[in-house]
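Dear colleague,

Please find below the structure I promised to pass on to you. My notes on what was found in it follow directly after it.

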Amino acid sequence: MEFYVVGDNGDKYGPADLATLNQWIADGRLLPNSKVERSADGIQGLASQVPGLNFGPVSAPGNIMGDAPAQASYADPTAAYGAVPPGQFVESGYPRARNTYDPNVVPAEIMGRFNWGAFFWNWIWGLNHKAYITLHMLTITITAYALEAIAKGAKQATVVSVIVGIGWILQLAFSIYLGKVGNQLAWKSGRFESVDHFNQVQRAWVAWGIGFCACSVVGAIFAGVGLGAMALAMPH
């Protein structure tokens, strides 16, 4: 006979047989007033009402086989753990723990590696990773365009060229900086479950960046060919 454990939010965990459920009880992961559901027919009740579960003196006569289950009065799920060990947390509903990482301690596996997602996407990548320092790229870009527009209005061609050059240099330098510190910034966002999850997400950003650059190059080539063809077709 197998049962699901039903969390406060309705999520179900399992199914698990009685031996597994008793192990969860021993681990402090299943409480007497946790809601359970029999997988065979969906009948629900409290864990303490399931015959064969060893809660000691809190166990009640089994009535989950057909009687209407009593209303659960859920205990604080963290109470089953006492002090949660470092590197773990208790999820809401079914009180289970899983390994996680301190977002303020960057793992050695990703330290020192260049983050191409941060390099390619800058502030777009930064917003996704709560790295708001990347918004300085917008400041650099907007300032450069504003100064360029002012210089063009004053018909200062040399000044325009200088501003454009400085703007490109600053943008490139800041992109390289973000690439160098990107892994640290991303990890400290706290959105990753593990190093593997981190690497998976960052690879996706790199793939999008490479695809965008490739499309830009192809588009530039076609634009150049089109402009060349138009120039040749014009009467001289």
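Of the 236 residues in the chain, 32% are buried. Please bear in mind throughout that this is a predicted model. The chain has five helices and six strands, and from the N terminus on these elements follow the order β-β-α-β-β-β-β-α-α-α-α.

I begin with the strands. Strand 1, residues 2–6, pairs with strand 2, residues 12–17, in the antiparallel sense, and four bridges join them. Within this pairing, Val-5 has Tyr-13 of strand 2 opposite to it. The hairpin formed by strand 1 and strand 2 has five residues between the strands, and Gly-10 there takes a positive phi near 95°.

Strand 1 also pairs with strand 3, residues 35–38, again in the antiparallel sense and over four bridges. Here Phe-3 stands opposite Arg-38 of strand 3. Strand 3 in turn runs antiparallel to strand 4, residues 44–46, with three bridges between them. In that pairing Val-36 faces Gly-45 of strand 4. Strand 3 and strand 4 form a hairpin with five residues between them, and Gly-42 in the turn has a positive phi of about 80°.

Next, the charged pairs. How many salt bridges does a search of the whole structure find? The search finds two. One of them joins the side chains of Glu-37 and Lys-12, at 2.9 Å from N to O. This pair links distant parts of the chain, since Glu-37 belongs to strand 3 and Lys-12 to strand 2, 25 residues apart. Is Glu-37 buried or exposed? Its relative accessible area is 9%, so Glu-37 counts as buried, the cut-off for that class being under 20%. Lys-12, by contrast, has a relative accessible area of 45% and is therefore partly exposed.

The side chains of Glu-148 and Lys-152 also meet in a salt bridge, at 3.1 Å from N to O. Both residues lie in helix 3, four residues apart, which is about one turn of the helix. An α-helix has 3.6 residues a turn, so residues three or four places apart point the same way. Glu-148 is classed as buried because its relative accessible area is 16%.

Helix 2 deserves a paragraph of its own. It has 13 residues, yet its end C-alpha atoms are only 15 Å apart, short of the 18 Å that a straight helix would reach at 1.5 Å a residue. Where is the kink in helix 2 centred? The kink, of about 120°, is centred on Asn-122. Asn-122 is also among the buried residues of this helix, together with Gly-117, Ala-118, Phe-119, Trp-121, Trp-125 and Gly-126.

There is also a nonpolar surface patch to report. Leu-127, Tyr-132, Leu-135, Leu-138 and Ile-142 make up this patch, which covers about 450 Å². Leu-135 is placed in the loop between helix 2 (116–128) and helix 3 (136–153). With a relative accessibility of 31%, Leu-135 counts as partly exposed.

Most residues other than glycine have a negative phi. Lys-130, however, has a positive phi near 60°. Lys-130 lies in the loop between helix 2 and helix 3 and is exposed, with a relative accessible area of 55%. Lys-155 likewise has a positive phi, of about 55°, although it is not a glycine. The place of Lys-155 is the loop between helix 3 and helix 4 (157–187), and its relative accessible area of 75% makes this residue exposed.

With kind regards

Note on methods
Residues are numbered from 1 along each chain as its sequence is written. This is a predicted model: local features need pLDDT of at least 70, side-chain atom pairs count only at pLDDT 80 or more; totals for chains, interfaces and linings use all residues. Side-chain values use heavy atoms; hydrogens and water are left out. Two strands pair if DSSP finds at least two bridges between them. Helices (H or I, at least four residues) and strands (E, at least two) are DSSP runs, numbered from the N terminus. Patches are made of residues with over 30% relative accessible area and no salt bridge: like charges are joined within 9 Å, nonpolar side chains (Val, Leu, Ile, Met, Phe, Trp, Tyr) within 5 Å. Accessible areas come from the Shrake-Rupley method with a 1.4 Å probe; for residues, only the protein chains shown count as cover. A salt bridge is a side-chain nitrogen of Lys or Arg within 4 Å of a carboxyl oxygen of Asp or Glu. Buried means under 20% relative accessible area, exposed over 50%, partly exposed in between (1.4 Å probe, protein chains only). The expected span of a helix is 1.5 Å times one less than its number of residues. The bend at a residue is the angle between axes fitted to the seven residues ending there and the seven starting there.
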